[in-house]
Amino acid sequence: IRTLGLLTAGGDCQGLNAALRAVTLAAQRDLGATVLGFHDGYVGLLRGDCRRLDRDDVAGILAQGGTILGTGRGRAEQGAALDDLVRRSLQQATALGLDALVCLGGDGTQRFARALAEAGLRVVTLPKTIDNDIRGTEVCFGFDSAVYIATEAIERLRTTAHSHSRVMLCEVMGRDAGWIALAAGLAGPAHVVLIPEIPYRTEAVVAALQARAARGRRYSIVVVAEGARSAADAAAGRTQKHAAALRLVDELQDATGIETRLTTLGYVLRGGAPTVGDRLLATELGLEAVRLLGAGVHGVMVGQQHGRLVPVPLAEAGSGARTVPPEHRWIDALRRLGACLGD
Ligand code: F6P
């Protein structure tokens, strides 16, 4: 591989720069390749908008948040048909003499990478997203940092909740999956954790808060995933991000008579430096991507299964969001610790 393309697509998260650094250094050292970094995700590839990445370009970025290449969800190209986007991407790749491409991205990125690979480009991807919802891997970089930030926020909310005898709702990101809410709910800890996978009943949450109040605990922490939904909404097939937290803040205050406040953590969870865990994971995944390409393996995402790095076919990685299975041990752990999951 003489020329290797590199891009970051989808929402940003912690660890992207650590992975870019690892891929760039290893591609130069182990493969002797020239690395081209595309700007702003797949849009950069479609427009041939890239720059050469050398040692100096990735020096000092390991712990830096965001992505030095820029990223995006390709919304500028939203109307275009997939096969047209693939054709134009391949034209640019040929014009630039790309021998292979490494894409760092979430669910959507994996799907587009799969289409590029099926059209003949050598592609290896890395799983990045705070949501932790990519199939074929048990962990994505960004997740550990997001959980760390959410946990710290819960600790801070607890002091105000306690001082004012309030219910504190804390909404966390995660799209249609409850991974961040569950992990932060365990580590925070939270007294109620609501996730999209378990539709909640407001009465169950009210009963949990009232039971705490009856034991003399006039404060409570309720972690709500942005995609959480009530049993009624789930039955009607309605999903609307943020709806649960916005509604619950009044419903819980009215029903319990306890002052209730909402904090939405939002993009704070995606920002700033990666944790040590994410630095290690992103670096190792980046190195493994280059090793696989050097060994002639492509059309895969580098995933982690049972603690080991494995090549996962893009057909699997790009096959939709990985939500939390009902039997997951974090759900069981919360229940055994006495937390309410809203059901
Ligand atoms: O996928 C990561 C994520 O941060 C989700 O948790 C969130 O729902 C979404 O991206 C927000 O997307 P955007 O950056 O397009 O507003």
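Figure 1. Asp-131 counts as buried because 31 other C-beta atoms lie within 10 Å. The cut-offs work like this: a residue is buried if 20 or more other C-beta atoms lie within 10 Å of its own, exposed if 12 or fewer, and partly exposed in between, with C-beta atoms placed from the backbone. Asp-131 sits in the loop between strand E5 (123–127) and helix H5 (143–164). Helices (H or I, at least four residues) and strands (E, at least two) are DSSP runs, numbered from the N terminus. Leaving out residues up to four places away in sequence, Asp-131 touches Gly-106, Met-173, Gly-174, Arg-175, Ala-177, Trp-179 and Ile-180. Two residues are in contact if their C-beta atoms, placed from the backbone, lie within 7 Å. An unreviewed UniProt entry lists Asp-131 under "active site". UniProt positions are given in the numbering used here, feature names are shortened, and annotations may be inferred rather than shown by experiment. Residue numbers start from 1 along each chain as its sequence is written. Because this is a predicted model, local features need pLDDT of at least 70 and side-chain atom pairs count only at pLDDT 80 or more, while totals for chains, interfaces and linings use all residues.

**Figure 2. Asp-107, a residue of helix H4.** Helix H4 covers residues 107–118, and Asp-107 lies in it. Is Asp-107 buried or exposed? Asp-107 is buried, with 23 other C-beta atoms within 10 Å. If we set aside neighbours within four places in sequence, Asp-107 is in contact with Asp-133, Ile-134 and Ala-321. UniProt, in an unreviewed entry, lists Asp-107 under "binding site".

**Figure 3. Two leucines to look at side by side.** Leu-121 is found in the loop between H4 and E5, whereas Leu-85 belongs to helix H3 (residues 82–95). Leu-121 is buried, with 22 other C-beta atoms within 10 Å, and Leu-85 is partly exposed, with 19. Not counting residues up to four places away in sequence, Leu-121 touches Leu-90, Ala-93, Leu-101 and Leu-116. Now try two distances: the C-alpha atoms of Leu-121 and Thr-94, 27 residues apart along the chain, are separated by 9.4 Å. For Leu-85 and Leu-36, 49 residues apart along the chain, the C-alpha atoms are separated by 20 Å.

Figure 4. Most residues other than glycine have a negative phi, and most peptide bonds are trans. The peptide bond from Gly-188 to Pro-189 is cis, with omega near -10°. You will find Pro-189 in the loop between helix H6 (179–187) and strand E7 (192–194). His-242 has a positive phi, near 75°. This histidine, His-242, is in the loop between helix H8 (231–235) and helix H9 (243–256), and counts as partly exposed with 15 C-beta neighbours inside 10 Å. His-306 also has a positive phi, near 50°. The loop that holds His-306 runs between strand E10 (300–305) and strand E11 (308–313). With 6 C-beta neighbours inside 10 Å, His-306 counts as exposed.

**Figure 5. Stepping back to the chain.** The chain has twelve helices and eleven strands. Its C-alpha atoms fill a box of roughly 70 × 40 × 35 Å along the principal axes. Of the 343 residues, 53% count as buried. Among contacts between residues at least 6 apart in sequence, 76% join residues at least 24 apart. The mean pLDDT is 97, and 99% of the residues reach 70 or more; pLDDT is the predictor's confidence in each residue, from 0 to 100. The model scores ipTM 0.97 and pTM 0.97.
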